Amino acid sequence: MWNIMQEPNQSFVTEFILMGFSLSPRTTPLLFLAFLMIYLLIILGNGLIAILICLDSHLHTPMYFFIGILSMLDLGYTTTTVPQMLAHLASEKKTIPFMSCVAQMYIFLVLGITESWLFAIMSIDRYVAICHPLRYKVIMSPWLCGVMVIFCGLWGVISALVYTVFAMHLPYCVPAVLKLACADTSVNDRVDFILGFSVILIPLSLILVIYFNIVIAILKICSAQGQLKAFSTCASHITVVTMFSVPAMVMYMKPGSKASSEEDKKLALFYNVISAFLNPIIYSLRNKDVKRAVLRVTGWGRAL
């Protein structure tokens with residue numbers, strides 16, 4: 001919903017009324033505490049991963065460089081949305097100014113689109129590590145890694161700007177729920193699909209092609225132990241990509257007329273909050289390098 005300021009022959013949206021989740025008032029405090037705990041754990045988990053990668057020289061490799069960037073992106077786009085959600089759960093006033101909504105959406109899209117392409121870059125890193133292990137450090141040079149991350153960021157900035165400009169030309173406007181607009185949204189639906197294709201399907205297709213080649217290379221390894229080790233290096237990345245891409249693809253690539261606000265809330269919650277919460281766990285729980293880095297940085301390794 002939105003509040004409108006009217007002038008002669010013109011109407012301007014001044015703020016949006018956030019409907020939130022359809023829950024009873026009794027469950028609101030529990031929901032607030034749950035999201036607060038998850039957000040604090042997101043900050044702790046992703047922050048520790050980023051700090052470890054910076055402090056421990058053994059983690060100064062292309063793979064961990066990309067994981068560090070992923071952790072910073074997760075911190076960024078959850079911080080764009082979750083504090084606002086917590087504030088509205090705790091407050092009677094459940095509105096957001098129009099320009100704040102635009103800024104929040106743009107920053108969120110920049111970080112989310114950048115992350116989508118970062119996953120494709122990380123799959124290239126895995127391909128080089130498995131298929132060209134002797135040339136890995138030469139091919140994946142710091143210069144090339146930096147250029148690829150800059151490409152992801154620029155693509156995110158440009159794509160988010162296009163999406164935001166088209167969405168804001170609607171006469172209300174809530175871009176994530178285009179069906180609420182009081183105008184024909186068919187053009188925006190097409191823009192949604194094209195952008196969804198370029199920021200979700202293209203990187204996802206690239207990931208699938210790369211992993212197809214990785215699987216072929218792994219099957220050529222003679223020992224079962226070698227195959228298992230190669231597959232295990234890719235398992236974390238595949239899991240994280242699936243958690244992020246599938247909900248985002250369902251949400252952003254279906255027409256606004258077919259969108260369900262309740263469905264979209266759950267999907268957005270999953271790929272925004274839950275995936276950012278699970279990413280550090282997935283990348284560190286069975287990762288011996290990260291565990292050793294913790295021991296080295298804290299000094300516990302010397303004591304042991």
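Predicted model: local features only at pLDDT ≥ 70, side-chain atom pairs only at ≥ 80, totals over all residues.
View 1. Helices here are DSSP runs (H or I, at least four residues), numbered from the N terminus.

**View 2. Helices α1 and α2, side by side.** Helix α1 (residues 28-55) packs on α2 at an angle of about 160°, their axes 9 Å apart; axes are lines fitted to C-alpha atoms over the stretch in contact, and angles run from 0 to 180 degrees between N-to-C directions. The pair is therefore roughly antiparallel (over 145 degrees). The contact of α1 with α2 has 20 nonpolar, seven polar and one charged residues; Ala, Val, Leu, Ile, Met, Phe, Trp, Tyr, Cys and Pro count as nonpolar, Asp, Glu, Lys and Arg as charged, and the others, Gly among them, as polar.

**View 3. The second largest pocket.** A pocket is an open set of points on a 1 Å grid where a 1.4 Å probe fits, with protein on both sides within 12 Å along at least five of seven lines; lining residues have an atom within 4 Å of a point. Among its 28 lining residues, M63, S232, T233, N287 and D289 lie nearest the centre. Helix α7 (224-252) gives the most, with seven residues.

Residues are numbered from 1 along each chain as its sequence is written. Local features need pLDDT of at least 70, side-chain atom pairs count only at pLDDT 80 or more, and totals for chains, interfaces and linings use all residues, while side-chain values use heavy atoms, leaving out hydrogens and water.

Methods: Helix = DSSP H or I, 4+ residues; strand = E, 2+ residues; numbered from the N terminus. Parallel < 35°, antiparallel > 145°, perpendicular 65-115°, else oblique.
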